[in-house]
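Please open the structure in your viewer and keep the selection tool at hand. The tour below moves from stop to stop, saying what to select and what is there.

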Amino acid sequence: MSEALLDALQTDPAIPSDDVVRFTDRTAEALAAAPDLLADEDLQLTLFVLYGLHYGDTVEADDEWEWHPELLRARRSIEREYERQLRERVPVGDLPRPNADAVAAHLFELTAEDAGPSLSRFLAKKATEEQAVEFVIHRSIYTRKEADPHSWAIPRLTGRAKAALVEVQADEYGGGRPERIHAEIFGQTMRNLGLDDTYGAYIDRVPASTLASFTMMSMFGLNRSLRGAITGHLAAFEMTSSIPNRFYGNGFRRLGHDDSVTWYYDEHVEADAVHEQIAGRDLAGGLAEQHPEFLPDIVFGAAACLYVDGLAGQRMLEAFEAGRSSLREPVAVAA
């Protein structure tokens with residue numbers, strides 16, 4: 001399916017193409033086979049490429065493909081099944097009252113319950129250089145586009161929630177200083193580890209579970225009907241960031257790396273401790289007060305963030321503890 005999509009993107013979007021027909025047919029066949037979308041390499045890669053048409057700098061293609069009706073129709077068919085599977089696996093449970101303090105307290109409680117083996121502690125205390133580099137490769141799929149999936153929600157919100165989202169995103173984009181854009185700081189981390197910081201350079205190396213984390217937040221962000229889910233996702237994302245980033249930074253220092261590698265992680269220790277309060281109360285809580293009908297989706301988005309990111313982290317941790325590569329193909333680490 002992804003092969004057919006890439007073939008179609010090399011043709012003229014204004015001219016009917018057999019490659020487009022082949023892609024849409026294969027999409028229908030793939031979905032009819034009832035795949036596990038969180039584990040299916042081909043479906044996840046297909047979604048990644050389709051979303052890349054909106055983000056840019058992902059796949060070389062004529063700009064007119066972004067709104068091609070057949071590609072959008074195929075994407076929506078995948079998204080509907082993806083959302084269905086997520087909702088089936090991620091229970092919402094009892095909901096808090098639709099006010100800012102209650103919603104924030106509920107989300108803090110939800111993220112505090114996110115226990116289990118810790119990838120961040122493993123990186124801090126045990127990871128080898130090769131494992132630490134693999135971790136960075138996995139995280140590059142989102143982090144070299146950091147903040148972009150959540151920014152789709154800005155024009156879809158109003159009032160307190162919108163102001164809160166813009167406040168968080170302004171920090172993510174460097175507060176007006178391009179050298180402090182978080183995605184660019186992460187690019188520096190990659191370069192100083194001897195990695196290629198070009199976006200998507202390692203797309204063939206990462207598994208479906210890593211892609212699923214990025215495609216899920218892209219689906220939430222790009223669909224107006226899921227604006228509640230993307231706000232809950234961001235709240236949970238920020239609430240589970242500060243402490244792990246301290247461990248990640250410590251892990252790279254243990255391996256002998258300096259600020260040129262750890263700056264990204266150190267920057268997030270303080271920033272995300274502030275962001276989690278804004279995202280929990282003003283963004284998610286503010287949206288729930290303004291639109292109580294979005295409350296189930298706010299909680300769903302937060303729970304889905306924990307679930308999907310947990311799957312990706314658990315897969316990495318299991319591979320590391322077994323002494324094997326967490327990538328589909330290992331990457332040689334420069335001496």
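Which residues line the second largest pocket? Select L6, Q10, L45, F48, V49, T58, V59, E60, Y199, G200, I203 and D204, and you have its lining on screen.

Before going on, please note that this is a predicted model, in which local features need pLDDT of at least 70 and side-chain atom pairs count only at pLDDT 80 or more, while totals for chains, interfaces and linings use all residues. Residues are numbered from 1 along each chain as its sequence is written, and side-chain values use heavy atoms, with hydrogens and water left out.

**The pocket**

The second largest pocket has a volume of about 200 Å³, where a volume is the space filled by probe spheres set on grid points that are joined across faces, edges and corners. A pocket, on a 1 Å grid over the protein atoms alone, is an open set of points where a 1.4 Å probe fits, with protein on both sides within 12 Å along at least five of seven lines, and lining residues have an atom within 4 Å of a point. Helices here are DSSP runs (H or I, at least four residues), numbered from the N terminus.

Then select D57, in the loop between α3 and α4 (69–89). D57 has a phi near 55 degrees, a positive value in a residue other than glycine, and with a relative accessible area of 69% it is exposed. Exposed means over 50% relative accessible area, buried under 20%, and partly exposed in between (1.4 Å probe, protein chains only).

**Helix α7 and its surroundings**

Move to helix α7 (residues 129–143), whose 15 residues reach 20 Å from the first C-alpha to the last, close to the 21 Å expected at 1.5 Å a residue; the expected span is 1.5 Å times one less than the number of residues. The helix is mostly covered, with 12 of its 15 residues buried, including F135, V136 and H138.

T210 is buried because its relative accessible area is 7%. Beyond residues up to four places away in sequence, T210 touches H138, I141 and A312, where contact means heavy atoms within 4.5 Å.

Now select A147, in the loop between α7 and α8 (148–151). A147 has a positive phi of about 80 degrees although it is not a glycine, and at 2% relative accessibility it counts as buried.

**The core, and a last stop**

Of the 97 residues in the largest nonpolar core, Y82, L86, L123, V136, L195 and F220 touch the most other members. The largest share of this core, 13 residues, comes from helix α15 (residues 295–321). A nonpolar core is a set of buried Ala, Val, Leu, Ile, Met, Phe, Trp, Tyr and Cys residues joined through side-chain atoms within 4.5 Å.

Finish at T198, placed in the loop between α10 (182–192) and α11, where its side chain makes a polar contact of 2.7 Å with the side chain of D196.

Terms used:
Helix = DSSP H or I, 4+ residues; strand = E, 2+ residues; numbered from the N terminus. Polar contact = N/O pair within 3.5 Å; in protein donor to acceptor, adjacent residues only side chain to side chain.
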